[in-house]
Amino acid sequence: MAKKMGLVLSGGGARGAYQVGVLAAVKEISERSGLPVRFDFLSGVSAGAINASSLASNAENFGFAVDNLVRLWSGLSIEKVFSTDAITMGRIGFQWMRDLSFGSLTGTTPGGSLLDTAPLRELIHSNMDYNKVEQNIHAGHLTALAITSVDYANSASVTFVQGKDVLPTWDKGRKRSERTSISTDHIMASSAIPLLFPPVQVNDRYWGDGAVRNHAPCSPAIYLGAEKLMIIGVRRQTTTAYEERATANDASPTVSRVVNTILNGVLLDAIEQDVDRLRRLNDYANAIPQDQHQKIALRPLDYLFIAPSADIGDIAIQKAYKLPRIVRYLLKGLGTLEDASEIISYLLFEPSFCADLIDIGRKDGLAQENKIIELLRK
């Protein structure tokens, strides 16, 4: 019997298009090899939460689910994700100036975000069939959908789980699970990039991007029972052009460069660190004699980690001119566009950029064909 497989999708705003490209490659490899693809556990944060939820609503047909995601991302535009009209941007800008200038007098705090994501909420809601998620779980096409967000009230990383009743729950201090029926609110909460996108209220609490405190993004799928994992990151593993430019620049860092560093360190590092942790645990487990395995709970976990072969931030810089003028104006106020490469890559929900990332993801996935086949067979 095949091992139960989990899919782990990291965050990254518009970088989520890369994940779709990798999944398109998995679909092609599955069709050529005759090996079916079944993800028992779908786990995502931020953009990965959007992709995981869409896959869950079409879990009965992996090929259709992937084609649907390719169509969705290929047809994206910035206006479908956040408002860029002068009235909305002016209102947000005025609110920030007012609250920063007179907050101590009025008792208000600065605006919750730089952008209004009402269009993203509509996009998610119109493209999700939440009834089908439950139907797929009931029919056995899916065991669980897990969406992670950070609770701003206590800084806990909370994984919202919709799945079979027999699934375990966990509470490890600042890392816990909550059983629920996934909704647009949960997906929006997981996708609420700090400062850029507004916090989202779910019930009586406010939530933000699931990558903020998610130090072990592979954990939800493992806790739920995954015996093998496919993990898709959104950052190149070797030194990037941005890092080379930053190293060569000895001037005081701009606000853009500081925010870039935060996005890299807080939102993108975790998946790579967790994969390294898996590798070390596997090395340890494999070093234990076979006859001693029954005495310990630790077992090797099969996994495949796929990450971009190209520097997505550098690609974003080349297409920065496609951002709305008012957004470019705001970014230039924080520093150079080169210093804002990571921010731009998060916000560039633009057809040609997403198409490039889908193409890169597909090529990277096909380059791992033998390893993907090996994982599917286990």
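Tutor: Helices here are DSSP runs of H or I with at least four residues, strands are runs of E with at least two, and both are numbered from the N terminus. Please keep in mind that this is a predicted model.

Student: How many helices and strands does the secondary structure of the chain come to?
Tutor: With runs counted in that way, the tally can be given for each kind of element. The secondary structure of the chain comprises 15 helices and nine strands.

Student: What share of the residues in the chain is buried?
Tutor: A residue is called buried when its relative accessible area is under 20%. The chain has 378 residues, and the buried part of them amounts to 54%.

Student: Among contacts between residues at least 6 apart in sequence, what percentage joins residues at least 24 apart?
Tutor: Contact requires heavy atoms within 4.5 Å. Of the contacts in the chain between residues at least 6 apart in sequence, the part that joins residues at least 24 apart is 76%.

Student: How do the residues of the contact of α1 with α2 divide by class?
Tutor: The axes of helix α1 (residues 16–33) and α2 come within 8 Å and cross at roughly 40 degrees, and the crossing is right-handed. From α1 the contact takes Gly16, Gln19, Val20 and Leu23, and from α2 it takes Ala47, Gly48, Asn51 and Leu55. With Gly placed among the polar residues, the division is four nonpolar, four polar and no charged.

Student: Is α2 parallel or oblique to α3?
Tutor: Helix α2 (residues 47–57) and helix α3 (residues 62–74) pack with their axes 9 Å apart and at an angle of about 140 degrees. Roughly antiparallel begins over 145 degrees, and roughly perpendicular covers 65 to 115. The angle therefore makes the relation of α2 to α3 oblique.

Student: What classes of residue make up the contact of α3 with α14?
Tutor: The axes of α3 and helix α14 (residues 351–367) come within 8 Å, crossing at roughly 145 degrees. Val70, Trp73 and Ser74 of α3 form the contact with Pro351, Cys354 and Ile358 of α14. By class this gives five nonpolar, one polar and no charged.

Student: How far apart are the C-alpha atoms of Gly75 and Ser352?
Tutor: Gly75 is placed in the loop between α3 and α4, and it counts as partly exposed because its relative accessibility is 35%. Along the chain Gly75 and Ser352 are 277 residues apart, yet the separation of their C-alpha atoms is 9.6 Å.

Student: Which residues are in contact with Gln237, leaving aside its neighbours within four places in sequence?
Tutor: Gln237 sits in the loop between β8 (228–232) and α9 (241–248), where it is partly exposed with a relative accessible area of 46%. Its C-alpha atom is separated by 7.5 Å from that of Pro308, 71 residues apart along the chain. Beyond the excluded neighbours, the contacts of Gln237 are Glu272, Phe305, Ala307 and Pro308.

Student: What is the phi of Ser155?
Tutor: Most residues other than glycine have a negative phi. Ser155, in the loop between β3 (144–151) and β4 (156–163), is partly exposed at 32% relative accessibility. Its phi is positive, although the residue is other than glycine, with a value near 65 degrees.

Student: Is Asn203 buried or exposed?
Tutor: Asn203 is located in the loop between β6 and β7 (205–208), and it has a positive phi of about 60 degrees without being a glycine. Since its relative accessible area is 67%, Asn203 is exposed.

Notes: Residues are numbered from 1 along each chain as its sequence is written. This is a predicted model: local features need pLDDT of at least 70, side-chain atom pairs count only at pLDDT 80 or more; totals for chains, interfaces and linings use all residues. Side-chain values use heavy atoms; hydrogens and water are left out. Axes are lines fitted to C-alpha atoms, for helices over the stretch in contact, and angles run from 0 to 180 degrees between N-to-C directions. Angles under 35 degrees count as roughly parallel, over 145 as roughly antiparallel, 65 to 115 as roughly perpendicular and the rest as oblique. Buried means under 20% relative accessible area, exposed over 50%, partly exposed in between (1.4 Å probe, protein chains only). A crossing is left-handed if the near helix is turned anticlockwise from the far one by less than a right angle, and right-handed if clockwise.
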